[in-house]
Amino acid sequence: MAVPLLEVAGLRAAYGRAEVLFGATLSLRRGEVVALMGRNGAGKSTTLRAIMGLLAPTGGTVAFEGRAVTGWEPYRIARLGLGYVPEERRIFTDLTVYENLEVGRKAPTDGRRPWTAETLFSIFPNLAEMRGRRASAMSGGEQQMLTIARTLMGNPHAVLLDEPSEGLAPVIVEQMAEAVLRMKREGIAVLLCEQNLYFASAVSDRAYVIEKGAIRFEGTMAQLEADEGVREAYLTV
Amino acid sequence: MDPAFLVLQSLSGLASASSLFVIASGLTIVFGVTRIVNFAHGSFYMLGAYIAVTVVPRLLDLSYSPAAFFLGVLISALVVGLIGVAVEVLLLRRIYRVPELFQLLATFGIVLVVEDLVLKVWGPVDLAGPRAPALRHGVEIMGQRFPAYELVLIGVGPLVLGLLWLLMHRTRFGVLIRAATQDRDMVGALGVNQARLFTLTLFLGASLAGLGGALQIPRVPANSHMDLAVITDAFVVTVIGGMGSVPGAFLAALLIGQLQAFGILVFPKATLVLVFALMAVVLVVKPWGLLGRPEAGSGRVLPPEGILALRRFRPPEAALAAVAVAALLALPLLGDAYKVKVATEILIFALAAFSLQFLVGVGGLVSFGHAAYFGLGAYAAGLLVTGPLKAPMALALLAAPLAAGAGAALFGFFIVRLSGIYLAMLTLAFAQIVYAVCFQWVEVTGGDNGVVGVWPAPWAANRTVYFYLVAAVALCAILGLRRMIYAPFGYTLRAARDSATRAEAIGLGVRAHRWLAFTLAGAAAGLAGGLYAFQKGSIDPTLTAIPLSIDLLVMVLVGGIQTVMGPLVGAAFFHALKDAVMPLTEFWRLLLGLAIIATVLAFPRGLAGAADAIRGRMGRAKPAAASA
């Protein structure tokens, strides 16, 4: 089997003296959508932050595109083609929708045709209508779309997507699922943090379950759906 | 009043506003992106003026034309921009993640270094610049003459604002600056090299400061005091406008320009006070300035810098402290008069530094203007004994802490409403008010010369007797403050420092406690100031000035900001060193500046962080315990 696009082994991370991750191991292959599931505080977001370099890992390794990127600055990891969509969205609210996309713009590292604001507007028609408007005037769902679009402007090969369905109306969640599937069709791999099993199962090929900072389950999405024991133990609230 | 006069006055206000905006816009852009309040911005401004008085005349020799003049101004600005790049790459880049107090001190270190270098390169004499060709005449406006160059300056402000607007909205660099001002970590996660962005931002900011300085040369000769004079004005503009907001800076500069132009008619002696009073009012009504916004929760998660764990002296430490005090008290028996003088000053500064540590280390209130209260005490005592009252020394020493405490209560009322960098800026602004009053109110304070003849009462006139008096008073005051640190009052302050919201949530009155702490610390500093006035025999405005505030912070820092008694050691070390080294070198400021910068670079996570690192290296997992 080919080397995975993203390979995380024994990743450890801490906030000050509070350790959060105790050796998470997972991988993401080219073009697949993988869900990282778990309850609040299980370590999902921390895993993504540590992969991205936003939080310096205290142990373990991260390899992306066959290169060891552990401890790299976030911008260098991003330039290798890893995109990051944070849970809090972190839209630049002082900037217009178009300017937000401009901040994310980055030339593709392979020969692919780059994403442009216009192609993204065709996927997210809501954004097209408000391109000149300040991002502070957007609804939560629109902001979530903007963060995804902003990340795609960087022409990533893989995207770390943190709880895209959180706090959104069901109709918007549907659109989010559409967006994830669209990325998959474009050949972009997605590592998706989710608590919403319905959403995750609609888009993911495989799943990991994390609890107390370590991976407790690994398998296909179908296996997870069939395994009531795992779901009871780690996912239901 | 004559309408023509009012129009001209207003125009002259616009010219000052324009100059001020050019400088402040650079400061606010740099702050927005790097979150560093850059004292060195004043140095950039000064360098702009000095480089322009060097470059512009050469160009005018080649071609005596306005084009050559303004080309020289632009070249000066760009050279300063490159100096800004050097400062970013060599220093600022290394301190983006250190506590604010350390950042401010490090950039102040640059100020000290540049001041001495400027004196070395250009000499101590003020250098008048050439006037702009074709703009030397006056233009007739409503029957009055107004300098043509000032009219050009009035145009420069809006021109720079317009160019900056285009840069910020029409270029990728500008969009990235605006994005980074809001959330620089997210900008990094999107693939933007922050280091490069910051370097370019410093180039832009320093160029604007240099431009501001270079444009001043026909109006003001280049001199080595321009840096601190302009930096406080620029701070005030950025704070009133909202830190990080360019349009806010423009608005604030206009306000201040007009306030100064017309304020001088109403209160000719109080122009400086008016400006700072405006700042205080704005901050109380809009704590983040006119167009600023609350700092987003992005980024900085730093442990508080200060006393983290209290413990009492262990027996060996108590013995050591007793020996140190005994040695100090025995000094007059052994040393000569000079040593007694130095020891007396050390005791006085120990009290002042300890009172600052009470604010910073315990209360988390980073004051950049603690000299104000020291100076208030000194002036209260000095004026009482020399003024018409001819009060006795005992009364004066009682009045010193009372006056300083009253001043601290008044200023503190506003200061404790703020936090972080805005709080530091307001303490600085209030200190500048005190300085301005001492400097401008010549009839009472003697202005720049101060007042001489502040001698102790006859019974304490002997140096040794005065030394013991100071020792008794200072030690009692220090022990009193120390008692408060260990009392529930001190615990409350530390709780409020670590998390104001959580402290409020458990029912602690954060603001009231901070206010009281500020007042107490001010009173203690005032007592030290009173003692100092009699020690020195005179008072003058330097006792209230920024360099003394910085000295006190350095004492706290050197002694250990996370220790209770460390600042006393810091005061002794720093004052003794200063006393020994300063007469030997003409580069005291340069050395001090480099020492400050080195300290900040050596302990990038703060001193507490360094202690943690050492503990980590020694492999002990014990929780941090600060020395008592």
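User: How many of the 14 residues of α21(B) are buried?
Analyst: This is a predicted model, where local features need pLDDT of at least 70 and side-chain atom pairs count only at pLDDT 80 or more, while totals for chains, interfaces and linings use all residues. Residues are numbered from 1 along each chain as its sequence is written, with chains lettered from A and ligands numbered from 1 in the order in which they are written. A residue is buried if 20 or more other C-beta atoms, placed from the backbone, lie within 10 Å of its own, exposed if 12 or fewer, and partly exposed in between. The helix is largely enclosed by the rest of the structure, because the number of its residues that are buried is 12.

User: Which residue just after α21(B) takes a positive phi?
Analyst: The buried residues of α21(B) include B:V556, B:L557, B:V558 and B:G559. Just after this helix, a positive phi of about 115 degrees is taken by B:G560.

User: Where does α2(B) bend?
Analyst: Helix α2(B), residues 40–62, reaches 33 Å from its first C-alpha to its last, close to the 33 Å expected for its 23 residues. A bend is the angle between axes fitted to the seven residues ending at a residue and the seven starting there. For α2(B) the bend is about 30 degrees, at B:A52.

User: Which helix gives the most to the side of domain 1 of chain B that touches domain 2 of chain B?
Analyst: Chain B is divided into domain 1 (3–285) and domain 2 (315–578), bounds that come from an automatic or database domain assignment. Their C-alpha centres lie 34 Å apart, and 19 residues of domain 1 are in contact (C-beta atoms, placed from the backbone, within 7 Å) with 24 residues of domain 2. On the domain 1 side, α4 (100–122), α8 (226–241) and α10 (271–285) of chain B each supply at least two residues. With 7 residues, the helix that gives the most is α10(B).

User: How many charged residues does the side of chain A that touches chain B have?
Analyst: Between the chains, 20 residues of chain A are in contact with 17 residues of chain B, and α2 (74–79) and α3 (97–104) of chain A each supply at least two residues on the chain A side. Ala, Val, Leu, Ile, Met, Phe, Trp, Tyr, Cys and Pro count as nonpolar, Asp, Glu, Lys and Arg as charged, and the others, Gly among them, as polar. By these classes the chain A side has 9 nonpolar residues, 3 polar ones and a charged count of 8.

User: Which residues of β3(A) are buried on the side that holds A:V34?
Analyst: Strand β3(A) is mostly covered, with 5 of its 5 residues buried. In a regular strand the side chains alternate between the two faces of the sheet. One side of β3(A) holds A:V33, A:A35 and A:M37, and the other holds A:V34 and A:L36.

User: Which residue of β8(A) stands opposite A:L36?
Analyst: Strands pair if DSSP finds at least two bridges between them. β3(A), residues 33–37, runs parallel to β9(A), residues 206–211, with 4 bridges, and A:V34 has A:R206 as its partner there. With β8(A), residues 189–194, β3(A) is also parallel, through 5 bridges. Opposite A:L36 stands A:C193.

User: Which residue in the hairpin of β9(A) and β10(A) takes a positive phi?
Analyst: β9(A) and β10(A), residues 214–220, run antiparallel with 6 bridges, one pair being A:Y208 and A:E218. The hairpin has 2 residues between the strands, and a positive phi near 50 degrees is taken by A:K212.

User: Which strands stand at the edges of the open sheet of 4 strands in chain A?
Analyst: The order is β2-β1-β4-β5, with antiparallel pairing. At one end, 2 bridges join β4(A), residues 59–64, to β5(A), where A:F64 stands opposite A:R67. Each edge strand has a single partner, so one side is left without a neighbour in the sheet; these strands are β2 (18–28) and β5 (67–68).

Notes. Contact = placed C-beta atoms within 7 Å. Expected span 1.5 Å × (residues − 1).
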